[in-house]
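Dear colleague,

Here is the structure I promised to pass on, and my notes on its packing follow below.

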Amino acid sequence: MRWSKTFIPTMKENPSDAEIPSHQLMLRAGLIRQLMAGAYTYLPLGWRSVRKAEQIVREEMDRAGAIELFMPALQPIDLFERTGRKEAFGNVLINFHVQRGDRKVHLALGPTHEEVITDLVARHLNSYRQLPICLYQIQTKFRNEERPRFGVLRTSEFIMKDAYSFGTSLEQLNAVYDQMYRAYCRIFARCGLKYLAVEAESGPIGGDASHEFMVPASNGEDRIVHCAACGYAANLERAETGRASAKPGKAPGAAPLTKVATPGATSIEQVSRMLQCAPSQMIKTLIYKADERPVAVLIRGDHEANEAKIRRALAAKSVELADEATIRSVTGAPVGFAGPVGIQCPVVADHDVAGITNAVTGANEADAHLTGVNVGRDFQLTSTHDLRMALDGDPCPRCKATLKLVHGIEVGHVFKLGTKYSVSLAAEFLDEKEQRHPMIMGCYGIGVNRIVAGLAETSFDENGLIWPLSIAPYEVLVIPLNVTDPETMELAERFYRELSEAGVDVLMDDRDARAGFKFKDADLIGIPLRIVIGGKGLKEGQVELKWRNAAAPVKAPIGEAVATVREMLAERRVEEAAAVPA
Ligand SMILES: [Zn+2]
């Protein structure tokens, strides 16, 4: 492609509305332009990268035995009503009425395709002999994003690869899940992304049933804990804290239990200020309803409760914070003064609560707190649990090294769905004995444009983007310095032709512009290898070859330039492939 013939609107300055590097660089390098909040056009350079990511995804899904199809973005609303997702999605589901003749039809734009694929499979597959099967597509998804931001990282319209597996047993599900997991590792490695496979909340199946693939990035919206020593990684909802269960006993140096007046102080911050005690000295007493039964959950004042862990510890189907009436009935006090001493409901505590001597807690009485509260003397605990969000610096649950909290961009997710959709949409199979069962499903998503944005967010320097060969819009940029010089242009045309014929993606900057201007644009768009033709080198019969991420160019005699470029590209491809797991 010739620069003068394509459409690469680069920008010198950072656009004022772009907050993070990927958004700034994708705009400046002419990869994307915003149409409106949450909707972007991919310009030719950006689209080439998206297409390359898409092709890698497709090759690896095919290699893993998944079968490609293509489903409509337009979907009838009643499918979402049958699965309960119309209500669950709420405003996020884009849906509307259209007029068809004399009737109105209610449609949705697909946020994902569980409903459509399950309905399809329910109609056409019905025997154990036809299973397992894994079907996928690469397609545009729609979700009404309340706060679109960060360029193409959070939009209302995005390109996703979504795969769905259907099987007869947990064994079949686990086998497909493992295949998908391995395919994802290969995909992200081939795309040149540094990623973490992160344990995530398991949903309906329980156990080790969900992983998110995250690109660590300081501007990422997801929070992950990671142990560099053993590789343990989990999202914040899932992460264990690595604290051992404590057997609380009598604390030495226990102060007397004292009731103090705390008028109007209902929060940790207010009480901490009023009584001059650190939040870590306080016990937060949260009243939850676990399957409708009240329970008091004790968390250290400076920690954050984790509802999924609380639900698991209580073996409850659902947990939610109790309403005011329930809190009054179990504590005898208004909201904000609950404490474990004398409370009228079961009590569970986080591991770290047992270690607090002379704690401060609510007194179960309006406008009063207790000081000098000690486990074993003033209230009893038979055991403690991991009930809080993990923090930076917690011990690793696997190896006891220290956990680090990092931010990440989610690029993929593999999930064991179970039978939620197959039950509600009647996707059933007959087993060997002609018995009917719901199919067991998994779903596997990849944000294709997030692969490109994730690279832009993590692979750049002060001059612009640095692409891996595999995703770069073009592999080689030919820069003739003086386009009015016939000798320069004859060479440039020859390199362009010979490399193109050899299957290399070549862009030629044939614009009549100053060398400095062209070099700036070249750095900004980040094409991996550049060939510079002109100046002193040309007089000496040489051209300059330079990797985007190398400090200095190498010189090559004109006659050997094309062969040298091809060798350099081949070496780089081998290097990139070495990072890809088997
Ligand atoms: Zn570890």
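The axes of helix H1 (residues 21-28) and helix H11 (residues 448-458) come within 8 Å and cross at roughly 105 degrees, where axes are lines fitted to C-alpha atoms, for helices over the stretch in contact, and angles run from 0 to 180 degrees between N-to-C directions. H1 and H11 are therefore roughly perpendicular to each other, a label given to angles of 65 to 115 degrees. On the H1 side the contact (heavy atoms within 4.5 Å) is made by Pro 21, Ser 22, Leu 25 and Met 26, and on the H11 side by Val 452, Ala 453, Ala 456 and Glu 457. Helices (H or I, at least four residues) and strands (E, at least two) are DSSP runs, numbered from the N terminus.

The model is a predicted one, in which local features need pLDDT of at least 70 and side-chain atom pairs count only at pLDDT 80 or more, while totals for chains, interfaces and linings use all residues. Residues are numbered from 1 along each chain as its sequence is written, and side-chain values use heavy atoms, with hydrogens and water left out.

Turning to the sheet, four strands form an open one in the order S16-S14-S15-S17, with mixed pairing (two strands pair if DSSP finds at least two bridges between them). Strands S16 (319-321) and S17 (347-349) stand at the edges with a single partner strand each, so one side of each is left without a neighbour in the sheet. The twist averages 35 degrees from one strand to the next. Strand S15 (residues 293-300) runs parallel to S17 and is joined to it by three bridges, and Leu 298 stands opposite Ala 349 in S17.

Best regards

Note on methods: Angles under 35 degrees count as roughly parallel, over 145 as roughly antiparallel, 65 to 115 as roughly perpendicular and the rest as oblique.
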